[in-house]
Amino acid sequence: MNYLVAFWNSPTGPKTTHFWGPMSNWGWAAQGWADRYRPPETISRSFEIALVIYSTMFARFAWRVQPRNYLLLTMHLSNVAL
């Protein structure tokens, strides 16, 4: 129970934008996962390039910001990997 209280009150917990920002962005990773089944000619190459550049920059930001935002980092790294 103490773990849940500590998580709830942490600087990156669910009462902060450090939590809800990455949670809302997980939709991009889900869409990238869903694109596996689409024909390649229907996937926007320019959007994919922009997503990789954007996610690479913000993965670096998530690593550099204090407190480190591991949820944001994993979300952007998964966008780059997909």
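Valine 5 is a residue of helix 1, which covers residues 2–9. The model is a predicted one, and the exercises below are to be worked on it.

**Exercise 1. Determine whether valine 5, alanine 34 and glutamine 66 are buried, partly exposed or exposed.**

Solution. Begin with the cut-offs: a residue is buried under 20% relative accessible area, exposed over 50%, and partly exposed in between. Valine 5 has a relative accessible area of 43%, so valine 5 is partly exposed. Alanine 34, which belongs to helix 2, has a value of 39% and is therefore partly exposed. Glutamine 66 is located in the loop between helix 3 and helix 4; its relative accessible area is 61%, so glutamine 66 is exposed.

**Exercise 2. Describe the span of helix 4, its buried residues and what covers them.**

Solution. Helix 4 runs over residues 70–81. It has 12 residues, and the distance from its first C-alpha to its last is 16 Å, close to the 16 Å expected at 1.5 Å a residue. The buried residues of helix 4 are Leu72, Leu73, Met75, His76, Ser78 and Asn79. Their cover includes helix 2 and helix 3.

**Exercise 3. Characterise the packing of helix 2 against helix 4 by angle, handedness and contact residues.**

Solution. Two packed helices are described by the angle between their axes and the distance between the axes. Helix 2 comprises residues 17–34; its axis and that of helix 4 come within 9 Å and cross at roughly 15 degrees. Angles under 35 degrees count as roughly parallel, and helix 2 and helix 4 are therefore roughly parallel to each other. Their crossing is left-handed. On the side of helix 2, the contact is made by Phe19, Pro22, Met23, Asn25, Trp26, Trp28 and Ala29; on the side of helix 4, by Leu71, Leu72, Thr74, Met75, Ser78 and Asn79. Sorted by class, the residues of this contact are 9 nonpolar, 4 polar and no charged.

Leaving aside residues up to four places away in sequence, serine 78 touches Trp26 and Ala29. Serine 78 and alanine 29 are 49 residues apart in sequence, yet their C-alpha atoms are 6.5 Å apart.

**Exercise 4. Characterise the packing of helix 3 against helix 4 by angle, handedness and contact residues.**

Solution. Helix 3 covers residues 45–64, and it packs with helix 4 at an angle of about 155 degrees, the axes being 8 Å apart. Since angles over 145 degrees count as roughly antiparallel, helix 3 is roughly antiparallel to helix 4. The crossing of helix 3 and helix 4 is left-handed. Helix 3 contributes Leu51, Val52, Tyr54, Ser55, Thr56, Phe58, Ala59, Phe61, Ala62 and Trp63, which meet Tyr70, Leu72, Leu73, His76, Leu77, Asn79 and Val80 of helix 4. By class, this contact has 13 nonpolar, 4 polar and no charged residues.

Histidine 76 provides the local example here. This residue is part of helix 4, and its relative accessibility of 1% is why histidine 76 counts as buried. Apart from residues up to four places away in sequence, histidine 76 touches Tyr54, Ser55, Phe58 and Ala59.

Terms used. Residues are numbered from 1 along each chain as its sequence is written. This is a predicted model: local features need pLDDT of at least 70, side-chain atom pairs count only at pLDDT 80 or more; totals for chains, interfaces and linings use all residues. Side-chain values use heavy atoms; hydrogens and water are left out. Helices (H or I, at least four residues) and strands (E, at least two) are DSSP runs, numbered from the N terminus. Contact means heavy atoms within 4.5 Å. Axes are lines fitted to C-alpha atoms, for helices over the stretch in contact, and angles run from 0 to 180 degrees between N-to-C directions. Angles under 35 degrees count as roughly parallel, over 145 as roughly antiparallel, 65 to 115 as roughly perpendicular and the rest as oblique. A crossing is left-handed if the near helix is turned anticlockwise from the far one by less than a right angle, and right-handed if clockwise. Ala, Val, Leu, Ile, Met, Phe, Trp, Tyr, Cys and Pro count as nonpolar, Asp, Glu, Lys and Arg as charged, and the others, Gly among them, as polar. The expected span of a helix is 1.5 Å times one less than its number of residues. Buried means under 20% relative accessible area, exposed over 50%, partly exposed in between (1.4 Å probe, protein chains only).
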